[in-house]
Every structure is written in C-alpha cells, then in structure tokens.
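Visitor: I have a structure open and want to learn how to read it. Where do I begin?

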Amino acid sequence: MHGIISTLKNNYMATKSAKKTSGKTQKKKEPVSNSQLHEFFVDSLKDIYWAEKALTKALPKMQKAATTPQLQEAIEMHLGQTMEQVTRLERVFGLIEEKAVAKKCDAMEGLIKEGQSIMEETKDGSMTRDVGIIMAAQKVEHYEIATYGGLVQIALTMGLDEAADILNETLEEEKQTDTSLTEIAENDINWQAEQEDGQEEDK
Ligand SMILES: [Fe+2]
Ligand SMILES: [Fe+2]
C-alpha cells in the first residue's frame, strides 16, 4: 500500500515540477479548459457525485440490517465520511467552475441493488448476513477506489492540484474503509458464519 501511495506522490511531484519548468504562469484559480479530457473529468465527477449521494441513502439500510455492533459502527462511521465526500465533490465542482450536478451512475445503482438482495436473502441476525453485507460494501469501496484513483491522476495531469488533493483525501478514506472491512470479516465474522446452521428457514 505504501508503494501505491509513494507512486501517487511521485506522479504528483513530477506533474508539479513539469509545470514549474513549463514557463506558464499559474493563476490562483484552477485552470479551466474545454478539452475532451476536461469534459470526461466533469462527467466522471457527476457520476461519482450521484453514487456518493445514493450511498448516503443505502448505508443506513445496511447499518440497520447488520448483525454485529462492530459492523454497524464501521458502516456508521463511513456514512459520516460519505456525507463529507459529497461536500468535497461540491468543492471540486466549484474549483473548476462547474455546477454540481448528479448524473445517474448505473454501476453504483447495480452494486447497491446487489447489496439489497443480499440483505433480503440472508436471515435477520445471522453472521452470514454480515459476511454478505461486508462483501457488498467492499465491492462498492473498490468501485470508489478505482474512480477516485483515476480522478486524482486526471486532475494532476490537467494541473488541477487543489482538486487532486481534495479527491485524494476521499481516495484514502475509501482505502481505509476497505481495509477495516477486511479486518472485521477476518477477525471472526467469517468464522462464526461458517458455524451457522443453514437448514432452518425462518427469514
Ligand atoms: Fe465514498
Ligand atoms: Fe466508500
């Protein structure tokens, strides 16, 4: 993980020094361009903006459905972070002088639906329910990590340093969440789920 972060930092520094030697004077505001890449960047921001907002509604349901207090707490904590992430995206829109507009993200919609069906198909109060929720939540985190990882690099490429910093903050939170979900699963939830009797059907 440190390797990834240092690669990211190196890329960041490389972009910074490239800019210094380019001779162009940087304005205080983030540079705004009309390039295709810029358009793609804005579109991707709208997409993840929709996704984060959808998650602020989906996470409380997952929290309520979770069996162990440990998982409930982890989800609650990430709900708080997710709300902050929505605000961060609005700051990024502001920096590039774009309106914060949400555009439906089909991928996140699908991942949230998958989480919902896992909750419907597992028994209330079971450890298997938690295993399912953790897996569904990690799929969400991995999608977010891929998205923010890409957005940070695009922002750096376009010289949007401040936007890159803001997006990187969120990227780190998504990575942390993924790691703590793995820890929760490995600590004992997976083992306890394995001991569960699958025969009684009393959903
Ligand atoms: Fe997020
Ligand atoms: Fe997340």
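Predicted model: local features only at pLDDT ≥ 70, side-chain atom pairs only at ≥ 80, totals over all residues.

Visitor: How do α2 and α5 run, roughly parallel or roughly antiparallel?

Guide: Compare the angle with a cut-off: over 145 degrees counts as roughly antiparallel. The angle here is about 160°, so α2 is roughly antiparallel to α5.

Visitor: Is the crossing of α2 and α5 left-handed or right-handed?

Guide: α2 and α5 make a left-handed crossing.

Visitor: Which residues of α2 and α5 meet?

Guide: On the α2 side they include Leu37, Phe40, Phe41, Leu45 and Ile48. On the α5 side, Ile133, Val140, Tyr143, Glu144 and Leu151 are among them. By class, the contact has 17 nonpolar, two polar and four charged residues.

Visitor: How far apart are the iron ion (ligand 2) and the iron ion (ligand 1)?

Guide: The two ions are 3.2 Å apart. Glutamate 144 coordinates both.

Visitor: What parts do histidine 78 and glutamate 144 tie together?

Guide: Histidine 78 lies in helix α3 (residues 69-95), and glutamate 144 in helix α5 (residues 127-157). So the pair ties together parts that are 66 residues apart in sequence.

Visitor: Are histidine 78 and glutamate 144 buried or exposed?

Guide: Histidine 78 is buried, and glutamate 144 is buried too.

Note on methods: Residues numbered from 1 in each chain as written. Chains lettered and ligands numbered in written order. Heavy atoms only, no water. Donors = N, O, S within 2.8 Å, 3.2 Å for Na, K, Ca; no water. Helix = DSSP H or I, 4+ residues; strand = E, 2+ residues; numbered from the N terminus. Buried < 20%, exposed > 50% of the residue type's maximum accessible area, 1.4 Å probe, protein only. Axes fitted to C-alpha atoms, helices over the stretch in contact; angles between N-to-C directions. Parallel < 35°, antiparallel > 145°, perpendicular 65-115°, else oblique. Left-handed = near helix turned anticlockwise from the far one by under 90°. Contact = heavy atoms within 4.5 Å. Nonpolar A, V, L, I, M, F, W, Y, C, P; charged D, E, K, R; others polar.
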